[in-house]
Amino acid sequence: MRRILITQRIEKIAKDYRDNLFKNRRSNFVKPKKQLQDLFDDINNQQGLKYENWNTYSQYLNNIIVHYDELLDLKPSKFETYFRNYFNVGKDILTDKKWIKLSGREISFSDTVVKLMRYEDVRNKEIIPYLEELGIRTCVYCNSQYTPAVHVKKGHLLGGFELDHNWPKSEFPFLCTSFFNLYPVCSNCNKWKSEKKAKFVLYTDDYNQLEPFKFYLEKGSLIKYMLYQNPDVLDIVFDSTDADLLKNHKELFHTDKYYKAFRDVAEELVWKSKTRNDVYKQQLIQSFKKLFPRRKSDINRFLYGFYSCPRDIHQRPLTKLQQDIAKQLKI
């Protein structure tokens with residue numbers, strides 16, 4: 001919904017993830033590179049095996065082994081380059097049933113790679129503290145549902161989210177545990193997107209690309225609401241200056257209809273725009289000096305019921321919608 005700028009802090013989080021992945025596992029825990037190497041050796045030790053794609057599988061595994069550490073914190077801007085140079089084998093090969101027959105495995109080559117790279121262990125444990133450190137508490141695609149990392153007993157964390165691969169793991173298994181390819185999302189968005197590739201990319205190096213989407217109330221519907229006080233007439237518009245991105249997001253996540261369900265939130269913003277002016281704010285501050293924090297953003301959060309700083313959009317559901325409509329209403 002709102003992109004995250006790749007700063008030195010974000011790079012450090014990704015590097016910590018890379019350097020500490022599976023570091024605290026038991027001694028009998030077999031790490032990904034060892035599992036990948038064992039399969040690579042098995043492939044190359046089989047004599048007289050006739051299959052035209054066998055060498056392709058061997059090379060794919062070898063490229064993961066060679067580049068494994070750098071893949072873990074590979075920046076999104078380099079995904080395409082690595083795919084083109086090392087992993088462009090075609091989806092048909094990744095899912096070819098001949099692999100199952102020749103390898104004696106019960107799953108496709110793509111799923112085999114994902115399993116050997118221990119994605120499930122990353123999802124269930126390894127990635128959670130780093131997503132908590134990022135401060136992502138809502139679905140990055142819709143910003144309408146919570147996706148928190150929750151502390152449970154003995155210092156363990158529980159991820160209250162589903163994990164989506166922006167570049168689908170069925171087609172790009174080499175990125176299945178890459179930090180910048182793992183997005184915390186809600187169940188709805190994850191199911192709707194499935195194995196399709198979203199044009200929205202969460203991380204960016206470009207400060208000017210942080211806000212690809214915007215919400216606003218259609219002007220005519222706002223006038224009708226003021227006349228009839230009927231929230232059903234409020235028309236929440238989800239828009240973007242990037243037509244292809246908007247089309248893709250609408251097709252994947254059904255945003256045309258989805259945000260219509262939050263007309264009551266928009267109505268409350270209209271109420272607040274008419275009742276909570278600067279005079280009212282100053283009266284509260286003066287009357288309850290000890291209660292209110294000094295930061296303007298915290299005072300606004302109390303008065304208007306949402307985070308007012310763009311950097312806090314991932315803190316609470318519907319913050320992006322509320323911020324944009326509030327700006328339109330001059331709150």
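Me: What distance separates N and O where the side chains of Lys34 and Asp38 meet in a salt bridge?
Reply: This is a predicted model, in which local features need pLDDT of at least 70, side-chain atom pairs count only at pLDDT 80 or more, and totals for chains, interfaces and linings use all residues. Residues are numbered from 1 along each chain as its sequence is written, and side-chain values use heavy atoms, leaving out hydrogens and water. A salt bridge here is a side-chain nitrogen of Lys or Arg within 4 Å of a carboxyl oxygen of Asp or Glu. For Lys34 and Asp38, the N to O distance is 2.8 Å.

Me: Which helix holds Lys34 and Asp38, about one helical turn apart?
Reply: Helices (H or I, at least four residues) and strands (E, at least two) are DSSP runs, numbered from the N terminus. Lys34 and Asp38 are separated by about one helical turn because they are 4 residues apart in helix H2 (residues 32-45).

Me: Is Asp164 buried or exposed?
Reply: Buried means under 20% relative accessible area, exposed over 50%, and partly exposed in between (1.4 Å probe, protein chains only). Asp164 has a relative accessible area of 3%, so Asp164 is buried.

Me: How many residues apart in sequence are the parts that Asp164 and Lys193 tie together?
Reply: The side chains of Asp164 and Lys193 meet in a salt bridge at 3.3 Å, N to O. Asp164 lies in strand S4 (residues 162-165) and Lys193 in helix H10 (residues 187-193), so the parts tied together are apart in sequence by 29 residues.
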